[in-house]
Structure formats: C-alpha cells, structure tokens
Amino acid sequence: MSIVAALSGITKRYPGVVALDAVSLEFHAGEVHVLLGENGAGKSTLVSVLAGMQQPDEGTVIIGGNPLRIASPRHSIQLGIGTVFQRPSLVLSLTVIENLMLGGSWLRRLARAAALRRFRELATLLGTHLDPDAPLAGLSLGEQQQVEIMRALWRDAKLLLLDEPTSMLTPQGVADLGRMMRNLRDRGVALILITHKLGEAYEFGDRISVLRLGKVAGGIDPEALVAMEESGRTATIIRLMFGLEAGEAATTAGGHAAELAILLGRKIHGPAVVDRSQPPVLRVREASTRAEFAETPLRKVSFELWSSEVLGIAGVDGNGQKHLAEMIAGQRAVHGGALELGGIDITQGGVPERRGRGVRYVTDDRLGEGTVGALPVATNLVLKEVGAPPWWHHGITDWAAIHAHARVLIERNDIRTPSALTPAGKLSGGNVQKVLLARELDAEARVAILNKPTHGLDLHNQRLALDRIGTAAARGVALLVISTDLDELIEISDRIGVMFGGRLAGIVDNDAGAIDRVRRLMTGAGAT
Amino acid sequence: MSLRGPLRVFVPVVLALTVGGLILLVLGKDPIGYYSYVMERSLLRWGGAQETLTRMAPLLLIAAGLIVAFRSGIWNLGGDGQFLLAAVASAALAPALIGGVPRGVTLVLCMLAGSLVGLVWSLLPAVLKSRYGINEIITTLMMSFLGTSFANVLIKLVLRDPGTTVPQTRSLAVDDRLPRLFGTTIHSGLLLAMLAVVGVHLMMTRTAFGLRLQVLGANRAAAVHAGYRVERLTIAAFALSAALIGLAGAVEVLGVWGSVRADWNPALGLLVVPLVFLARFNGYAVIGFTLFFSALMVGGESAARRVGVPQHFVLVLVALLLLFLGLVEYLDQGRRKAAGT
Ligand SMILES: Nc1ncnc2c1ncn2[C@@H]1O[C@H](COP(=O)(O)OP(=O)(O)O)[C@@H](O)[C@H]1O
Ligand SMILES: [Mg+2]
C-alpha cells in the first residue's frame, strides 16, 4: 500500500539525552502502525516532530513522496497530519462544537453552520453520537477523546497520530476507540497508535515497531503479525523493548543498576529476613476505591505484607498505583473491601488514625502535597504531628523543641539546608526527599508506602533513598514500594506485584525469572 | 545586601508620599502644606490624635478577622455585610437590654451578638467553599451585598425608632456606651481591638490550630495529605474571621455612634484589605499601617474642607504605597537572586 509519510534518519537531541536516534519509519495508508517502547523511549518526541512541535536536529520527513521540514503545528495540519497528544488539550469550559471551531482562523470560527456540517460528517464517519452543544466538562473521558480525534481529523487528515489515547479510558472507551480506528483505516487513513498495552497492539495494530532509547529496535510487519501466535509476538516484543532475551535477568537503560551496585558495592536488602510464619502486618482484602477524573480506581485489590518485607509494586504509571498508596495511607476512602493492620480493622480511619497506628506514606508529589514550600524545614518535619506531644502541649507550640528535633533529623539524615528555618521550597529535590523520608520512616513506623521514592533524583540521592528503605526493612518496617523502575524493584524487593488497570495483576517472588513474569504482567498479558 | 526590616517599609512610604506630592503639584495644590496639615490635624493635635486612635478600633478588629482568613487561604471579602449586620444587631439589642440588665452585661451581650451575627452571615460561603469548593470571593461579595441591603431593610421596616424623622435604630445613651479610656474620648473598644490583633497573631504563630490554618492557606493539598480536617478548618477560619469583623461592627456602634442610621455603610471591610496586604498578614505590622491609614483618613477629611484636596486622595496614597511596596519587594528579590543568596 502507498506510503503516506516516512521518517528518514531523524535525530532529536535534548540537553543530556538523545530522544530520537537516526529513526527511520514508514507509515502506510489504511494501516494502524503501533509504536511500543518504555517510558522515555522517544515515542512522544516522534509524535511532536510529525506534529510540527519540535524540529529534528538531523534527518527528513517525507510526506507524499516529498522530503520537507514541518515548520509549525499549522504546517503539520496543512500537510494532512492530525494529532491527539498524550495530554488532553481541549477547553473544558467550552462546548464540543466550540472546541472544534477553535482550530480555524477567527473568521471561520464564526461559521457555525459549516462547522456543524463537518461535525455530522465526522460523527458518521467515526460512528459517534455526541451532542455538539454539550459542554466538554460534562463528557466522559472517552467522549472527550472522541472530540480530540474529531479535532485532529477536522481538516481531512491523511495521517492520524494517537499518543497513548487509551491510558485514561474505560474498557468501553477503548472498544469505541478501536471501532473508530478501524473505520478510519478502512477509509485509507494511516494511523500511528502509541500504547503500553500489548493486548491493544495486537487487537488494533497491523504493524508494530518498537522504540528503545531513541532507536528503532525492530518490529513486526503485517505478514509476520498475522502469522505469529500471541506468545511468539510477546516474546519478540519484550526482547525488543528491553533489549534482551526473554527471561534473562539483565538490566535495562544502559545498565545503570549494575553501575549503581558497583558504586556502593553491596546489595540493599536480602530477601531472607522475612518471617512468614508470623501473621502479616497489613492485610488488604478486595479493596476498591471510587473512580475520579483521569485516575484509575482500585478494583478489588488483595495482598498481605509482612514485617521486614519489601513488596515492590510495578506497572505503567496510572494503573491505580496512586489510589493504592492513598487508600492505605488513609487519604482516600476505601470503597468496599477491608484493611487490617496487626489484626485490627482499620478500614474506616483517616490519615491521623492510620498514622497513629504506624502507617506512613512518602508521596511522589513531594512539593505538591508532601511539603509546604513556604514553611520552614523544621515545620515540615512535624507536619503530620501538629497538635501532638511532645511538640504541642494543650495546643500551644513548643518551637524550641521542634527546632531541636529538626536539627537532630537534619544532622542524622544529612539534609543539606542552610538552617532548620529555611523554607522547604528552597531545598533541592534530593533534600526535599530526605525531609520526607526522615518524617515518615521514623521509629514508630510499622507500614510504610513509598511512591516512586527515587523519581527525579540524581544517582547519589536515588542510592540514599534506597538505602533508607533497606534500613527500615531491617528494623522490621513492612514496606510497599511503588516504582516504574523495574531494576530498582528487582534490587530491593522480596516480592513484586504488578498493577494493571486498577487491579493487582499478580505478585511474583523476586527470583531469577521474576523480571520476565513482571514484564508480562505489566502489559496485561497474564502471569503464566 | 538586601533591604531589611524598617527600610523595607520606609522606602516605599517615602516614594508614595513623593509621588502623591507630585500629583498634588500637578493639580495645583501645595504638597508640603497638605502633608503638614494632615499630620498636624490627625497626630499632633490632641483632639485629632484621639480621633485617629478611635478610628483604629474597628479597623484593627477587621484586620484581625482578615488576617485569620487570608492566612488560611480564604478570601473573605464579605466584611462589609458582616460588619453592618452585626452593627445593626447590636444597635437593636443595646437599647432593649439596657433598662433590664446592667450596662456591662448589656455591652458584653451586644458584642457577642454582633460576633454571632457576623459569623452566621459567613456560614453559607464557608459551607459552599469547604463542601463544594465554590469560590468564596464571589459568594462573600454576594452575601455582603445582600447583608448591607438587608441591614437597611431591617432599619427601615423593623427596628426603626418611631421618635426620629430619619430612619434609624433607637439610640444608646452616651453614658451607656463603651467606657472611655482615662478621661479621653477614646473608647475601650480600642483596647479590645489591640488584644484581638495581638491574640490572632499569637494564635497563628504559636498554636497548633494556627499552624494548621497556615498549612491550609499555603498548600491545601498538603493539609489533606497530612490528614487535617480540611472542611472543618475552613469553616472555623471563616467563622472566626467573620466573628471578629462582626465584633468590629458592634464595637463601632457601642463605642461611637450608639445607633445605626439607614444607608450608613462605612465600607471598612474592603478598605482594610490593602492594609492587611501591606502588613503581609502580620498582626504587629498591621497596627502600624492602621495607625498610618487612620491618621490619613482623619487628617484627609478636614484637609478636604480646609485645603480643598478631596478626601479620596487618601486612597490614592494607600494605592501608591501598595504599589511601591510591591515594587521594592520585587526589585529586592531580583537583586538577591542575582547575588545568588
Ligand atoms: N522538551 C523536552 N526537553 C528535554 N528533554 C525532553 C523533552 N521532551 C522529552 N525529553 C526527553 O526525551 C526522552 C524521550 O521522551 P519521550 O519522547 O517523551 O518518551 P516517551 O513518550 O516514549 O515516554 C526522555 O528522556 C525525555 O526525558
Ligand atoms: Mg510519551
């Protein structure tokens, strides 16, 4: 079939990273081309090059046989490229038709009758039943996405880019999207679909390409895709995605875990110390949470956690990890199911009750909710103890005691700050994390949840954070560590659970074959 | 070197007065004459100074109320309605009680009633904000509009003193009003107001409740994360803020006017907002700014009559001051950043 667009030797560098490294790909009319790859592989960068948002440093884009430069988003649209970005870009306070009309020049924006005609055309083509005058805020995420797609197709796109369009959708929304993609494909449109879910790649894709560290690691062409069994496809893709043979316990991302291990010369945490003959500290039984905008809720999650155990939670971002952390911390209501701590039912309590019983939570949103940037480090260190002795007596603050306490923690945890009175917002990311770790992994901690504890930190601080986790485990704290970095989880965990679509897709022992099973679970492919 | 403490305020004050003076020059007035007249009239003359201090009482109470709210991240802009309704409530209650119960009891009851009325008038915005996240700027302004109108209706239809020709409430005799301080014309409401401002400052900086409110104001998500009862805190801050503003209304009636006339609305609630910002929500600093503003108001009023500069010029000065404080702050920050500290 005819080639609608092609990339030839595209390289795009950002400071310190080659996001795309001599990428050459072809996109055929009437074909859904699935792009797979880990977070940071360069998929979104590829999309922004085609959408005219980023200029490649090297290489050319070929559209309809002509090599050219896509100078701007407007140019990209004129070339017949429609884009649905990873982040929604619609105006929630406007109606469906108003959002669609935003694209054109302001004169055309006023031509409502013409817009409605185009809207009906596209609605028929896509098979949707949207009300053009419905305010966007009232639509489900799936319906909002349909509007995004309509907007991308508004000017007769020949190539449609969809960057992780399914990550926020319900199963019904995904099915609807699949139907639309098929309709478009049958009309001869070339589609690029980016997804993290192998099931979707097989169901909707005609051709699969895998990006790894900015390079095209390989792919499966339509003939091969049809001919292969699912297990064969999965094995091929996992090998391409992670650059290794399936089941081989090596490292990803340029071997940084190996480098780190050398850096410190020791293993953080041994799996042998967990005593499972004792009853577990934390028992979570069929716990669910309520769905909220753009968040995956928990669906009947059950697991047990023992003292001194590190249970890693892997999974692609946005599969319910945040709800899991917040639910255990008491920050989010349990909606069906039960939580038990040391044999006592704690399903009902909020943060203060849970914290009083030794539940701790190191949030991944360190500046957004973990600390108050305007208040001193010292205050942030007792943020969750406000009103409690020994720092408060009958509600009166003992600042001297708080500052003394802060100086001890600053010293002991090597928090680099000019003083205990420095606003927390002035600290570097690594030191903010040290503040949180010092606050949460205190002597009374029994169960600690850590959400992406090394995210955004430099190598040294990553190391320190992992080290604190190891020491806490050795002290008998039961830890739940959520991370998207699989190497890290392999290194510190006793067991690894995988979140997928709000469910705990499975828990595997951290032994030699773990990495392979975890990766299968991560793509929703099933454990065994 | 960055600008420290007093200099940080002094420089903007001088700049504001200078630019204000230039404006007067352009308008053909004598700036030196105006400023010295205002100062003499409001601070140096004993009678004027007493008036200046008396004016401070409601301003300080409102400032105390606004500090509680603003530090908690709650923009209570409904001060005028809360103030006026509380004034009317205490004006209605005082003459009715004074025959039956002792003066002290009457005054205390009236102040409590004023606080309560202010508080009640803030409940709807408070609940809407804490429960449904509805913006309190809009709801408090609406309630304020409603409150000032309602106060007038009450005076004209329900509480009107039949013995007067203009619609107003029954008057509280001068001897029954708030006691004067040491033979001056300053009433004891000023003391109460000082206590309130200092009390609020201490509460915000030295208690668990105050710290929770500060956290709520600085980062609501952190308050949720730390497990504070955010809904209750929001309502409590609102209630305390409005009760203090209500108390201001009661004190102004019980200390100065003795009654409330229809269509009386000093609109102090919004006037105090810039002062509280100038003081950066600091209880001690706001005392200084209130004194400054009160003196400008007292002096400015007679200057309007004597020098022919409209009274609103005072507001121009306050606006200039706000502008220059912000500007000095901005430049200072930029310089500190450049110096890498
Ligand atoms: N605007 C940018 N500035 C700097 N680095 C960027 C920018 N956008 C992406 N990157 C980096 O480029 C790499 C590829 O990112 P991206 O294309 O978003 O990956 P993917 O979509 O596959 O997860 C990552 O290392 C990312 O940090
Ligand atoms: Mg991406």
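**Exercise 1. Decide whether Phe83(B) is buried, partly exposed or exposed in this predicted model.**

Solution. The relative accessibility of Phe83(B) is 1%, and buried means under 20%. Phe83(B) therefore counts as buried.

**Exercise 2. Classify the aromatic pair that Phe83(B) forms with Trp264(B), and state which parts of the chain the pair links.**

Solution. The ring centres of Phe83(B) and Trp264(B) are 6.3 Å apart, and a pair requires centres within 6.5 Å.

**Exercise 3. Work out how the rings of Trp75(B) and Phe277(B) are arranged, and what the pair ties together.**

Solution. By the ring-pair rule there are 10 aromatic pairs over all chains. For Trp75(B) and Phe277(B) the centres are 6.0 Å apart and the planes meet at 10°, so this pair is stacked. Because Trp75(B) sits in the loop between helix H3 (46-71) and helix H4 (79-98) of chain B, and Phe277(B) in helix H11 (residues 268-278) of chain B, the pair ties together parts 202 residues apart in sequence. Trp75(B), with 29% relative accessibility, counts as partly exposed, and so does Phe277(B), at 38%. Both residues also belong to a cluster, linked by ring pairs, that includes Phe70(B) and Phe281(B).

**Exercise 4. Find the charged residues placed over the rings of Tyr202(A) and Tyr228(B).**

Solution. Over the ring of Tyr202(A) sits the charged end of Arg233(A), 5.0 Å from the ring centre. In chain B, Arg212(B) lies over the face of Tyr228(B), at 5.9 Å from the centre of the ring.

**Exercise 5. Describe the six-stranded sheet of chain A and the helices that lie across it.**

Solution. On average, neighbouring strands are turned by 20° against each other, direction ignored. Within the sheet, strand S3 (residues 32-36) and strand S8 (residues 190-194) of chain A run parallel and are joined by four bridges; His33(A) has Ile192(A) as its bridge partner in S8(A). Helix H1 (residues 43-50) of chain A runs at about 145° to S7(A), whereas helix H6 (residues 141-153) of chain A lies across S6 and S7, at about 160° to S6(A).

Terms used: Residues are numbered from 1 along each chain as its sequence is written. Chains are lettered from A and ligands numbered from 1 in the order in which they are written. This is a predicted model: local features need pLDDT of at least 70, side-chain atom pairs count only at pLDDT 80 or more; totals for chains, interfaces and linings use all residues. Side-chain values use heavy atoms; hydrogens and water are left out. Rings of Phe, Tyr and Trp (its six-membered ring) pair if their centres lie within 6.5 Å; planes under 30 degrees apart count as stacked, over 60 as edge-to-face and the rest as tilted. Helices (H or I, at least four residues) and strands (E, at least two) are DSSP runs, numbered from the N terminus. Buried means under 20% relative accessible area, exposed over 50%, partly exposed in between (1.4 Å probe, protein chains only). A charge sits over a ring if NZ of Lys or CZ of Arg is within 6 Å of the ring centre and within 35 degrees of the ring normal. Two strands pair if DSSP finds at least two bridges between them. Axes are lines fitted to C-alpha atoms, for helices over the stretch in contact, and angles run from 0 to 180 degrees between N-to-C directions. Contact means heavy atoms within 4.5 Å.
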